[in-house]
Structure formats: C-alpha cells, structure tokens
Amino acid sequence: MSLPEIVGRERWRAAREELRRKERAVERARAALAAERRRLPMAEVADAYVFEGGDGKATLLDLFGDRAQLVVHHFMFAPEQDTGCPCCAVLLDQIGPLAHLRARDTAFAAVSLAPFTRLLPFKARMGWTVPWYSSGESDFNRDFEATVDRDGTPVERPGLSCFLRHGDRIFHTYSVYDDALDGIGALSGLLDLTALGPRPPGGDRLRLHDEYDEHDGHDGHDGHDH
C-alpha cells in the first residue's frame with residue numbers, strides 16, 4: 001500500500017491551506033452548477049403510471065403523499081431475481097430517516113421492475129423502511145431511461161429522478177444515472193476525504209451489507225512500520 005508522505009505539522013498546514021484554496025474554487029463551481037441545475041426547464045408527465053406497493057396500487061401522484069417534490073431511486077432489481085443490485089443497495093442504505101427530506105417538502109421512493117412480492121422479502125432482509133414500489137406493469141422505467149436498449153437488448157441502469165408537483169400536475173425536473181451517482185451519498189463523500197480514498201484495499205466490489213464479514217476491507221496494515 002502506498003501511503004502519503006510524512007511531514008512536520010507546519011508543512012502539513014501549508015499543504016492543507018494550498019489544497020483548501022483549490023477546494024474553495026471547486027465549491028464555488030459546484031454551487032454555480034447546482035444553481036444551473038435548478039434552472040433547468042421541466043417536462044410535464046402526462047402518464048399517471050401505476051405501481052404496486054405495500055398498500056396495493058398507487059399512481060405517481062400517490063408517491064408524493066402531501067409533499068411538493070418526489071425523488072425516485074431507480075433500483076435495479078430484475079423480475080426474475082430474488083435480490084437487488086448491490087450498488088443500488090449501498091445507495092439505499094445511506095438514505096436514512098426520511099424525516100429530513102419530508103421536512104423539506106420532499107418525498108422519496110424506490111422503484112424497481114421486480115414484482116412487489118419479490119421486493120418485500122428483500123426489503124425485510126435489508127431492514128429498509130423506505131417506500132418501495134414495483135413498476136413492472138408500466139412503462140415508467142423506459143420512459144425515464146432506467147431501462148434502455150443496448151444492441152437490441154433491454155438493460156437496466158441505476159439512477160435518481162426528481163419530480164415536482166403543482167396541484168395534480170407532475171413535472172420531471174432532473175435525472176442522473178450510472179457512474180454519475182458515485183458522488184451521491186455519505187459513503188463516497190466520507191471516504192473521499194480519507195487518505196486511502198473510496199476504493200477498499202482488497203478491491204472495489206460492493207456487497208449487500210449483510211454479506212460482509214469483519215475482515216472485509218482490512219489488509220492487515222496496523223498503521224505502524226515494523
């Protein structure tokens with residue numbers, strides 16, 4: 001394992017301040033990009049869509065509850081599978097209590113192609129409480145590009161889509177997919193601050209959280225030279 005250079009405290013402070021100047025420039029650029037994202041035009045959603053959830057059938061409007069905004073996690077879970085995508089699971093693990101989103105007038109739901117009868121036991125296994133729906137009987141995945149054709153074969157991809165409601169009218173405001181999700185969530189954000197970075201020493205394969213053991217990600221280095 002390659003470790004950072006060892007220096008004295010004053011040299012570390014100087015290097016840190018130099019990096020901080022660059023970080024501030026990136027933060028200003030990120031804030032400008034976020035403002036531009038919020039200025040994107042929006043497209044009205046004409047289809048009501050029908051999902052299957054814990055309370056039976058639900059429309060896209062139902063997924064909002066009484067909130068003005070809705071974030072949908074396009075969770076990859078094929079109809080014939082019994083478990084969902086590990087990468088999608090890692091993102092959903094990081095959502096946490098929805099009270100913080102709801103207090104900001106925003107609802108959250110996961111949506112997958114698999115039948116709800118397959119989603120339910122996996123959701124229980126993972127200990128999740130977020131609303132989760134099956135879109136298998138609608139065109140929702142295709143219409144919002146969570147299912148795309150590649151060489152004539154339909155392929156799922158992970159993503160997030162954001163919606164805004166005005167009365168009973170729904171508008172699609174933003175979507176993000178695939179590798180662009182890497183910077184979203186506490187795991188990537190926290191690990192990106194560390195010296196070793198976001199990739200674990202033993203490899204970068206993500207797993208379901210109940211499939212790790214206590215030695216995963218530990219290469220035996222104890223932080224001391226011998």
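Reply: Start with a pair of side chains. This model is predicted. In it, the side chains of Ser175 and Ser161 are joined by a polar contact of 2.5 Å.

Me: Is Ser175 buried or exposed?

Reply: Check relative accessibility against the cut-off: buried means under 20%. Ser175 has 19%, so Ser175 counts as buried. Across the protein, 30% of the 226 residues count as buried.

Me: Now a helix. Which residues of α5 are buried?

Reply: List them, then look at their directions around the axis. In α5 (residues 116-126), the buried ones are Phe116, Leu119, Phe122, Lys123 and Met126. They span an arc of only 125° around the axis, so they sit on the same side of α5. Thr117 and Ala124 are exposed on the other side.

Me: What covers the buried residues of α5?

Reply: The cover includes three strands: β2 (50-53), β5 (106-112) and β6 (132-134).

Me: What follows α5?

Reply: Look at the backbone there. Gly127 comes after α5, with a positive phi near 75°.

Me: And how many helices and strands are there in the protein?

Reply: Seven helices and ten strands. For contacts between residues at least 6 apart in sequence, 61% join residues at least 24 apart.

Terms used:
Residues are numbered from 1 along each chain as its sequence is written. This is a predicted model: local features need pLDDT of at least 70, side-chain atom pairs count only at pLDDT 80 or more; totals for chains, interfaces and linings use all residues. Side-chain values use heavy atoms; hydrogens and water are left out. Buried means under 20% relative accessible area, exposed over 50%, partly exposed in between (1.4 Å probe, protein chains only). A polar contact is a pair of N or O atoms within 3.5 Å; within protein, one must be able to donate a hydrogen and the other to accept it, and residues adjacent in sequence count only if both atoms are side-chain atoms. Helices (H or I, at least four residues) and strands (E, at least two) are DSSP runs, numbered from the N terminus. Contact means heavy atoms within 4.5 Å. The arc is that of the directions from the helix axis to the C-beta atoms.
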